[in-house]
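Walk me through this structure, from the single chain to the pair of copies.

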There are 2 protein chains.
Amino acid sequence: MTYSEKTNYHHGDLRAALLDATDKIINRDGLELFSLRACAREAGVSHNAPAHHFADLRGLLTAYATNAFDLLIDSMEYAKKSRSADPAEQLLATGEGYIQFALTHPGKFQVMFRNEKLDAKHMELQNSSAKAFGILEHAMTNWLELYHPIALTDEKKLKYILMAWSVCHGYATLAGERKLDFISGFNQGTNHHIDFGKLLLNTFIQSITYSNTTI
Amino acid sequence: MTYSEKTNYHHGDLRAALLDATDKIINRDGLELFSLRACAREAGVSHNAPAHHFADLRGLLTAYATNAFDLLIDSMEYAKKSRSADPAEQLLATGEGYIQFALTHPGKFQVMFRNEKLDAKHMELQNSSAKAFGILEHAMTNWLELYHPIALTDEKKLKYILMAWSVCHGYATLAGERKLDFISGFNQGTNHHIDFGKLLLNTFIQSITYSNTTI
DNA sequence: CGAAACATTTTGACAGTGTCAAGATGTGAT
DNA sequence: ATCACATCTTGACACTGTCAAAATGTTTCG
C-alpha cells in the first residue's frame, strides 16, 4: 500500500479535498474570486498546504480542468446513448452534450478554455482534452461517411469538424459570458439557453445535411 | 475651453495615456500580467493616478473594451466595403472582419468577452457592443430576405443570427486560446488561422444558402 | 522497539496587487 | 492674490502567489 492509495494521512486525501474546495469556490463565488489561499481556507488547511500536491496555482487549475474534460466526455457520451445510431442523431447528441455541459458547469467550462490559467504542456490535460476532441471528430467522421457523397481531404474534413465545434463552443461561450443578455425578448434562463443552443445546433446540422450534394 | 479639452495639464491627457499603456502591456505581456499599477508605471505616473479617471480596474478595462468594440466595428465595416452588395458576400465579409479582428488583436478580444473584467452596466460599452451586434444582425437580415423564401418568426431569425455569430466567435476563441494547437498537421500561424476561419465561414454560409428551401 | 528517512503540513517572510484616505500640487476664475 | 477645484502623490491596509525553513505525522528497517 503506497502513500497515494492511503486514505488517512495528515488530512486524508488533501489533493482531492483541494479539488473539491476549488469546485465549491468556483461554483459559489466565481472564478475571479478563486485563489490558492481561499482554496486552502475552504479545505481547512494552512495557506501553503496545496504546494506539496500542486506545483502552483496553474498546476491546481490544470488538474481541475483535466477532471472537467473527463466530465465533458461523460456528458457527450451520455447524450449519445439516448439517441439512435444514425450519425446525424449521434452528431447532434454530441454537440448537445457539449452545450449542456458548458452551460450547466460554467465555472468548469471557463477554466477549461482560459489558456493563461492552465499548463497546456501537462500530459493528463492533453490526454483528456484530446479524448474529448476525439469524440467530436468521430461523430463528424461518421456523419461525413454517410451524408457526404464525396471523399474529403483531411483539410476539408477538419473544416467540418471545426465548424461544428465552433458553433457549439461559440454559442456556449457567448451565453456563458452573458453576452446575449442585451437581446430584447430573449429569455435569459440557463435552461432556455440550453434549449436554444440545441435548436441552433439542430438547424446547423440540417443545413450541412441538406446542402451536402452541392458543396 | 474645458479641462477635458486641454492638452497640457499635470500630465497632458492621462486618461488616453493610460488606455495606451493598457494596450501596450496587454499586447506585450498578455492580459494576465496586466495590472493597474503596471499601467500607471508604464504611463510614468504614481500607482494611484488612474483612480481619478477610472473608478477601478474594471472601469479602466471597460473603457478599453469599449474602444475595442469600436475597432471591431471598423474591421467589419472595412471588410464589407471591398465586396459586392450581394447579401451573401456582405454577410461573409462581416464574419471575416470579425475573425480578422479577433485574431489580429487577441488581447483586446479577450478583454471584450471576459465578463468578470468588465462593468457590463456601463452605457458606452453597451452602446458599442450593441452597435457591433447590429452590424451582424443587419447582414443576416439582408441575407435572409434574399436567400430565405419563407418569412421567419423573430425567434428563427435570431437563431440564424446567433448561429453565424457562434461560428465566428467560437472559431476565433478556440484559435485565440490556442486550443487548436494539438491538431497534427494544422498550421498554427495567425495568418493561417485567419485564412482557415474564413474558409470555414464560407462553407457555413454556403451550407445555409443551399439548404434554404428545405428547412 | 526505536530511530532514521520521508511525506506532509505549518509558519513566517517577501514582493506584488487593488483600493482607500489624506495630503500635495498645478490651474482657472473671481 | 486668493480661492475653489481638478489632478496627482504618498502612505496604508488586507489580500495574493510563492519561497524557505521549521514542525509534525507516517513508514521503514535495523
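**From domains to helix pairs**

In chain A, 11 residues of domain 1 touch 14 residues of domain 2, where contact means heavy atoms within 4.5 Å. The domain assignment places domain 1 at 1-53 and domain 2 at 55-210; such bounds come from an automatic or database domain assignment. The centres of the two domains of chain A, taken over C-alpha atoms, are separated by 28 Å.

This is a predicted model, in which local features need pLDDT of at least 70 and side-chain atom pairs count only at pLDDT 80 or more, while totals for chains, interfaces and linings use all residues. Residues are numbered from 1 along each chain as its sequence is written, chains are lettered from A and ligands numbered from 1 in the order in which they are written, and side-chain values use heavy atoms, with hydrogens and water left out.

Chain A has eight helices and zero strands. Helices (H or I, at least four residues) and strands (E, at least two) are DSSP runs, numbered from the N terminus. Along the sequence the pattern reads α-α-α-α-α-α-α-α. Along the principal axes, the C-alpha atoms of chain A fill a box of roughly 65 × 45 × 30 Å.

Now turn to packing in chain B. Two packed helices are described by the angle between their axes and the distance between the axes. Here axes are lines fitted to C-alpha atoms, for helices over the stretch in contact, and angles run from 0 to 180 degrees between N-to-C directions.

Start with H4(B) (residues 87-104) and H6(B) (residues 123-147). Their axes lie 8 Å apart, at an angle of about 155 degrees. H4(B) is therefore roughly antiparallel to H6(B). Angles under 35 degrees count as roughly parallel, over 145 as roughly antiparallel, 65 to 115 as roughly perpendicular and the rest as oblique. The contact draws on B:Pro87, B:Ala88, B:Leu91 and B:Thr94 of H4(B), and on residues of H6(B) including B:Trp143 and B:Tyr147. By class, this contact of H4(B) with H6(B) holds 10 nonpolar, two polar and no charged residues. Ala, Val, Leu, Ile, Met, Phe, Trp, Tyr, Cys and Pro count as nonpolar, Asp, Glu, Lys and Arg as charged, and the others, Gly among them, as polar.

H4(B) also packs against H7(B), at about 20 degrees with the axes 9 Å apart. So H4(B) is roughly parallel to H7(B). H4(B) contributes B:Gly95, B:Tyr98, B:Ile99, B:Ala102 and B:Leu103; among the partners on H7(B) are B:Trp165 and B:His169. That contact of H4(B) with H7(B) divides into nine nonpolar, three polar and no charged residues.

H7(B) (residues 154-176) meets H8(B) (residues 190-210) as well. Their axes come within 10 Å and cross at roughly 160 degrees. H7(B) is therefore roughly antiparallel to H8(B). The contact residues include B:Tyr160 and B:Met163 of H7(B) and B:Phe196 and B:Phe204 of H8(B). The contact of H7(B) with H8(B) has 12 nonpolar, two polar and no charged residues.

How do the copies relate? A rotation of 180 degrees with 0.0 Å of shift along its axis superposes chain B on chain A, with RMSD 0.0 Å. That is the relation of a two-fold axis. Within chain B, the C-alpha nearest the axis belongs to B:Gly170, 1.7 Å from it. Both copies use the same surface: 100% of the contact residues of chain B recur in chain A. The superposition is by least squares on the C-alpha atoms of residues with pLDDT of at least 70 in both copies.
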